[in-house]
Amino acid sequence: MVRDGREILSNVVVSQIDIFAEYGGVIPEVAARSHLEAMMPVVDKALANANVSWEEIDAIAVTHAPGLLGSLLIGTLTARTLAILHSKPLYAVHHLKSHVYANWLSSEKAEPKSVPTFPLLALVVSGGHTQIMYMREHNHFEIIGTTHDDAVGECFDKVAKILGLPYPGGPSIAKAAKGDSSKYRLPHPKVEGLDFSFSGLKTAVLRAVQKEVGVPISFPSHKLKELLSEYQVRDFAASFQKTAVEILTEKMKMALDEYPEVKSIVVAGGVSANEALRENFLTESVFSDAGRHVFFPASSLSGDNGAMVAAACYYEIQSGVKPTDPYKLNIYPRVEIDK
Ligand code: KG4
Ligand code: ZN
């Protein structure tokens, strides 16, 4: 819940990590069921924490797409019902747009910070997406680079699995990456222009692990972890993380060559919590040339959360976007972000 596009009144997040740690990954059906159970308690808690009543709410924003279909359906139907019950305008917001707008929020802990200025380049790095967007102004997104296969977060998750590290893989890799980051040389995929590919990097790690422990490529990958020492895991985690960060940095440098006029670089999505990525971007002199600024959300706002959805909605309203008729809202998600 956001007051003016920036100030967070409440931000209740229910994590399903404990449920999925047991399975080693997300199971969409289980995610949807637990989403359903959490929904109304979260709405009630968000209102209570913010100390506001329904009368004081200006609009309802909901994540419409992209994401797991079952969870999106439950969120959309709940928001639609609440909008009808309380006669509130309803905004169906694109998930990646919300991640980008986490950079306009001031976190509860941090000092109020400055906001990104336009035009800007946004790098969205999450479990499902890896995209570079050019934003000329608020609510204008032009996708100029995207992944051809896996997202970088997905790659962190899959590499963690190979190394026997717990779900979710991103934070586990980051924690384990204390080893020698130049021990294993991993390739940078050759992808044209500003696009990405991460499935090759995952396979490169798999092959390097198989070689290191001396097993053929037919060896079951879920058993590799039994053959790896703690030091090998650390070196692999560090080498992989360094390579992933280098790939993202390289592509953003290329994007900057094409769009030298940008005034800010904005990073968003679950992977933007990664400390090595933050350090690399914040110290890369090309990124902060010509008075440019690099923005990351507060790490508590990098992953999925409601405040960022409210912020994106606020700027949609400022840009003149009209609400959706709750009776006509297509519960089958739309996926376009370009305006
Ligand atoms: O944005 P998000 O919370 O959900 C999606 O919209 O996908 O991103 C989740 C992704 C997961 O792949 C997770 O492993 C990754 O973000 N992630 C990280 C870190 N924290 C979360 N990846 C690298 N380093 C981290 N510290
Ligand atoms: Zn997300």
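Is His95 buried or exposed, going by its relative accessibility? His95 has 13% relative accessibility, so it counts as buried. Buried here means under 20% relative accessible area, exposed means over 50%, and partly exposed is in between, with a 1.4 Å probe and protein chains only.

Before going on, some housekeeping. This is a predicted model, in which local features need pLDDT of at least 70 and side-chain atom pairs count only at pLDDT 80 or more, while totals for chains, interfaces and linings use all residues. Residues are numbered from 1 along each chain as its sequence is written, chains are lettered from A and ligands numbered from 1 in the order in which they are written, and side-chain values use heavy atoms, with hydrogens and water left out.

I start with the metal. The zinc ion (ligand 2) is held by His95 (NE2), His99 (NE2) and Asp304 (OD), at 2.0 to 2.1 Å. A donor is an N, O or S atom within 2.8 Å of the metal (3.2 Å for Na, K and Ca), and since water is not among the atoms, sites may look incomplete. Along the sequence, the donor residues follow the spacing H-x3-H-x204-D. The two histidines, His95 and His99, sit in helix H4 (residues 95-101), four residues apart, or about one turn of the helix. Helices (H or I, at least four residues) and strands (E, at least two) are DSSP runs, numbered from the N terminus.

Next, the aromatic residues. How many aromatic pairs does the structure hold? There are 13. One of them is Trp104 with Tyr315: the ring centres are 6.2 Å apart and the planes are at 55°, so this pair is tilted. The pair connects distant parts of the chain, with Trp104 in the loop between H4 and strand E3 (120-125) and Tyr315 in helix H10, 211 residues apart. For the cut-offs, rings of Phe, Tyr and Trp (its six-membered ring) pair if their centres lie within 6.5 Å; planes under 30 degrees apart are stacked, over 60 edge-to-face, and the rest tilted. Both Trp104 and Tyr315 are buried. Ring pairs also join Tyr101, Trp104, Phe118, Phe141, Tyr314 and Tyr315 into a cluster.

Phe118 comes up again in the backbone, where a cis peptide bond joins it to Pro119, with omega about -5°. Pro119 is in the loop between H4 and E3. Another cis peptide bond joins Ala65 and Pro66, with omega about -10°. Pro66 belongs to the loop between strand E1 (60-65) and helix H3 (69-86).

Now ligand 1. It is surrounded by 17 residues, and the closest are Gly127, Asp157, Gly170, Gly270 and Asn274. To be counted, a residue needs a heavy atom within 4 Å of the molecule. A side-chain N or O atom of Asn274 is 3.0 Å from a nitrogen atom of ligand 1. A polar backbone atom of Gly153 is 3.1 Å from an oxygen atom of the ligand.

Gly153 is also one of the buried residues of helix H5, among them Val152, Cys155 and Phe156. H5 has twelve residues and reaches 16 Å from its first C-alpha to its last, close to the 16 Å expected at 1.5 Å a residue. The expected span is 1.5 Å times one less than the number of residues. The cover over its buried residues includes E3, strand E4 (130-135), helix H6 (169-176), H7 and H8. Contact in this sense means heavy atoms within 4.5 Å. After H5 comes Gly164, with a positive phi near 75°.

What does helix H7 pack against? Its buried residues pack against helix H5 (152-163) and helix H8 (230-258). Those buried residues include Leu201, Ala204 and Val205. The 15 residues of H7 (residues 199-213) should span 21 Å at 1.5 Å a residue, and the end C-alpha atoms are 22 Å apart, which agrees. Gly214 follows H7, and its phi is positive, near 70°.

Asn51 has a phi of about 60° and is in the loop between helix H2 (28-50) and E1. Its relative accessible area is 67%, so Asn51 is exposed. Ser87 has a phi near 50° and is in the loop between H3 and strand E2 (90-94). Ser87 is exposed too, because its relative accessible area is 63%.

Key:
A polar contact is a pair of N or O atoms within 3.5 Å; within protein, one must be able to donate a hydrogen and the other to accept it, and residues adjacent in sequence count only if both atoms are side-chain atoms.
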